[in-house]
Structures are given as structure tokens and as C-alpha cells.
Amino acid sequence: MVNCIGDVYLIPSSGTGAMELAVENFTRMDDKVLVVDTGFFGECFYKINIAHGRNAIRLELPWGRAAKPEEVINALKTNIDIKAVFLTHNETSSTIVNDIKVLASKIRGVSDALIIVDTVSSIGITEIDMENWGLDVIVAASQKGLMSPPGIGITSIQGSLKGKAFRIGHMGFITSNDLLVAIAAIECTLKDLGFANGGAVNKFIELRRKYEV
Ligand SMILES: Cc1ncc(COP(=O)(O)O)c(C=O)c1O
């Protein structure tokens, strides 16, 4: 549903757990990373990076407006050697939606940094096209747009990252029957919304045509 040709991991966690997984698995200790902070959840990505020992540069923007591409590009130009850029799609705390398609294409124009996006409150609600927008990792959760019980963090990664993930080497094993309920609920939502068989992008195009005047 997010047009990802890579892998999708379902994690027994909240959305915050999926954010932490992205930081831990796709950046290293002391890596310089840029966190575009447009509100509470951007700040959360920043704090997770700091807690994990990343050299996080915080681009703190005023609440209530989306990040402008030039602001992100300036931050990338002034801070060389950024390994990953963290973005929030729908910043739930202030309800703004960052234009990830435009931001990602501008970032790609000047940097090879990984583009990691928090889509916790946008997945299932608005278009996300990992493949065509050039997103490396997205993190999401079961309980918002997917209208399912909480308890499943979702991480999708681009195919090129396969094998580079999960290098921390101390994974545990968790079993939980509760999660099966949430997985079954996600499946129902995907069918109800017409997202089965990779139809997400078409579905959003169809909805846009229907409601745009
Ligand atoms: C944009 C965004 N990111 C992250 C989170 C954190 O998700 P969770 O509450 O499942 O840890 C939320 C939750 O509201 C969110 O809206």
C-alpha cells in the first residue's frame, strides 16, 4: 500500500518503537543525521537519535507550517556528511502535512543520505509512494489510519537496504497472540479500503479525482 518493493517488517511495538528501530538499524553511533522537526513527533525523532548516541542536527521549525525544501537543503549544505535525514509526514501534533515527495526529491538532488520518514499518522490516509519518491525507510503503526488495534509497529525498507538492517546482533524473540488480532485487523482494513494487491497508489489517484473540484 506504500508502493515498496523492499521488505515490510511487523514489529511488536508502538509507532515510537518502529521509530527507534529505524534509528538503531539504519544509522550508527556518532553518525551525523539531520532531523527535520516540525512539531512534537519531529522532536521525538530527534530525542531518539540523541538517546542512541547519534550526532543529531535538529532543524527546528515553527509549529503549524510544513518544512520548506530550501530550509532542508540549506541545513544539508551547512552540515556536510549527513548520513540520514529524518522527516515526519503528517505531524499529528499540529496537523501539518510535509510534502515528502518534494522534500525527498530536493534532498536527493544534493545528498545520498538515507531518507527515513515517520508515516505513523499518514499511512492509509494519504498517498505514500516509497519507490517513486525515493524513500529508504518508512515507519508506521497499526492504530491510526489502518484502523486496527495498537501493538504493531511497521517498518518498510527499500530493496537496496536489505541485509544492511538488523546488524545490532542482539535480537530477542517475542511471541504474542494479541498481535495476531491486530494483524488480522490490518488485513481487513486493507481489503476494505481497496488496498489489496498493491492498489494503494491507484486508490489515492481515484480518490483525488473524485473529491477534487
Ligand atoms: C506522527 C506520529 N509519529 C509517531 C507517533 C508515536 O506512535 P505511538 O503512539 O504508537 O508510539 C505518533 C502517535 O500519535 C504520531 O502521530
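User: Which helix and strands do the buried residues of H2 pack against?

Analyst: Happy to walk through this predicted model. The buried residues of H2 are Phe-41, Gly-42, Cys-44, Phe-45, Tyr-46, Ile-48 and Asn-49. Their packing partners are helix H1 (15-26) and the strands S2 (32-37), S3 (55-60), S4 (84-88), S5 (90-91) and S7 (114-118).

User: In what order do the seven strands of the open sheet run, and which strands stand at the edges?

Analyst: The pairing in this open sheet is mixed, and the order is S1-S9-S8-S7-S4-S2-S3. Each edge strand has a single partner, so one side of it is left without a neighbour in the sheet. The edge strands are S1 (7-12) and S3.

User: Which residue in S9 is the bridge partner of Ala-141?

Analyst: Strand S8 (residues 137-141) pairs with strand S9 (residues 152-157) in the antiparallel sense, over five bridges. For Ala-141, the bridge partner in S9 is Gly-153.

User: How many residues of each class, nonpolar, polar and charged, form the shell around the ligand?

Analyst: The residues surrounding the ligand include Ser-14, Thr-16, Phe-41, Asn-90, Asp-118 and Ala-141. Sorted by class, the shell has one charged, three nonpolar and seven polar residues.

Terms used:
Residues are numbered from 1 along each chain as its sequence is written. This is a predicted model: local features need pLDDT of at least 70, side-chain atom pairs count only at pLDDT 80 or more; totals for chains, interfaces and linings use all residues. A residue is buried if 20 or more other C-beta atoms lie within 10 Å of its own, exposed if 12 or fewer, and partly exposed in between; C-beta atoms are placed from the backbone. Helices (H or I, at least four residues) and strands (E, at least two) are DSSP runs, numbered from the N terminus. Two residues are in contact if their C-beta atoms, placed from the backbone, lie within 7 Å. A residue is near a molecule or strand if its C-beta atom, placed from the backbone, lies within 6 Å of it. Ala, Val, Leu, Ile, Met, Phe, Trp, Tyr, Cys and Pro count as nonpolar, Asp, Glu, Lys and Arg as charged, and the others, Gly among them, as polar. Two strands pair if DSSP finds at least two bridges between them.
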